[in-house]
Amino acid sequence: MSDGGERAARMALGMLVEPGCRELGVLVRSVGAQEALVRVVGGYGISAGLAGAVQARMQKAGVDGDGDVAGTVAGRMGELAERLGARIVTAADEEWPAALDDLVLASRPGNILRRDTDPPMCIWLRGPLRLGETLERAVAVVGARAVSGYGGFVASEFAYGLAECGWTVVSGGALGVDVAAHRGALAGGGATVAVLACGIDKAYPAANAAVFEQIGAEGLLLTEWPPGTQPHKTRFLTRNRVIAAATKGTVMVEAGSRSGARSTLGYARLLQRSVMVVPGPINSPMSVGCHIELRQPGTVLVTRVEEIVEEIGSVGDLATPIHGVGRPEDNLDPLQARILDAVRPRRASTAEQIAATAGVSGRDARRNLPLLEELGFVVSAPDGYRLSNVPRAAIGEEGER
């Protein structure tokens with residue numbers, strides 16, 4: 001069986017069968033794409049539902065089942081791709097990303113997402129980048145369409161930072177979080193991939209048409225559906241499996257309780273990819289989905305680009321720990337800090353009184369109080385020591401006194 005024949009058969013199957021079909025995927029893995037095409041066109045060895053769906057598609061496309069279906073369909077698709085400035089990639093091509101084959105792990109009877117999730121038969125692409133190479137270091141950034149200012153800011157900033165770190169940002173091209181992520185990655189001079197739920201010739205939503213044009217010129221537009229295909233609700237959920245499979249992990253920025261972005265996290269879990277979620281205000285409806293997901297075992301809370309890279313990057317890509325603003329007394333040793341805590345702000349106390357309050361010896365208090373005075377923390381008075389009136393921050397800025 002030639003690679004050319006296998007490729008043409010996969011292209012034909014991609015047009016005749018809705019993406020994600022597990023029955024078709026099992027058949028292809030069992031007998032190969034060429035024999036699978038013969039069977040689905042002939043309507044034998046497959047379910048009545050699949051046979052009827054294929055016949056409907058063939059009639060609509062005007063394809064004769066008695067002829068060379070693979071050659072006819074592949075030829076038409078190739079000509080159409082050339083006219084649209086696109087290309088078609090299948091598992092028989094070097095450009096194919098092996099990560100998509102992992103969808104077999106999620107496509108099994110009784111999976112928690114209750115839908116077929118098999119790998120794509122073929123993919124339509126528009127853009128200058130090589131798909132497999134582009135997805136080697138890729139992370140998905142997804143979330144709500146009705147995004148808040150907070151969610152839009154986070155998505156854009158995260159994508160910008162990830163792009164600067166050399167990561168490809170993958171999202172679904174939708175309004176809200178998706179488009180903010182694409183724009184952030186483009187602004188950061190990095191690669192971004194928009195996974196569409198319609199034909200490569202459709203700009204949906206129309207409001208993002210300019211962004212799609214820029215992605216097609218600098219990044220990659222990707223879809224499983226042939227040109228002319230309209231977006232349907234179920235197709236958005238189907239395409240989400242590709243977003244999860246194509247990346248090392250998925251970051252959900254902002255999502256309501258019923259957000260479709262949550263299905264992408266579900267796919268990521270099934271595929272054993274990293275699942276990351278950004279928290280939001282507990283009284284925000286747009287973060288309810290995020291907080292629900294954060295309660296799921298294995299979910300990683302992220303608030304910085306560095307934390308995302310730490311989760312999905314190479315060994316040693318560790319996020320710098322966050323520390324509070326330094327204070328001058330942080331440089332004191334434990335004994336000095338204990339003595340300083342016992343000094344009153346306005347009323348002076350003797351060294352012995354301070355020692356008793358701090359629970360240290362009088363000798364330790366008498367030795368360290370002059371040093372604390374020299375450093376500007378305390379001032380001496382005829383009847384003992386009290387705290388300095390100079391703010392601690394000012395002492396730290398000016399140095400030792």
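Student: What should I know before I start?

Tutor: This is a predicted model, in which local features need pLDDT of at least 70 and side-chain atom pairs count only at pLDDT 80 or more, while totals for chains, interfaces and linings use all residues. Residues are numbered from 1 along each chain as its sequence is written, and side-chain values use heavy atoms, with hydrogens and water left out.

Student: How many disulfides are there in the whole structure?

Tutor: A disulfide is a covalent bond between the sulfur atoms of two cysteines. The cut-off used is a pair of cysteine sulfur atoms within 2.5 Å. Here the search finds zero disulfides. For cysteine 198, the nearest cysteine sulfur belongs to cysteine 122, 15 Å away.

Student: Is cysteine 198 buried or exposed?

Tutor: Buried, at a relative accessible area of 2%; the word means under 20%, with exposed over 50% and partly exposed in between (1.4 Å probe, protein chains only). Cysteine 290 is buried too, at 0%.

Student: In which order do the strands of the open sheet lie?

Tutor: Strands of a sheet pair through backbone hydrogen bonds, either parallel or antiparallel. Pairing here requires at least two DSSP bridges between two strands, and strands are DSSP runs (E, at least two residues), numbered from the N terminus. The nine strands follow the order β1-β2-β6-β5-β4-β3-β7-β8-β9, with mixed pairing. β1 (87-90) and β9 (300-301) stand at the edges with a single partner strand each, so one side of each has no neighbour in the sheet. β1 runs antiparallel to β2 (residues 122-126), joined by four bridges; threonine 90 has cysteine 122 in β2 as its bridge partner.
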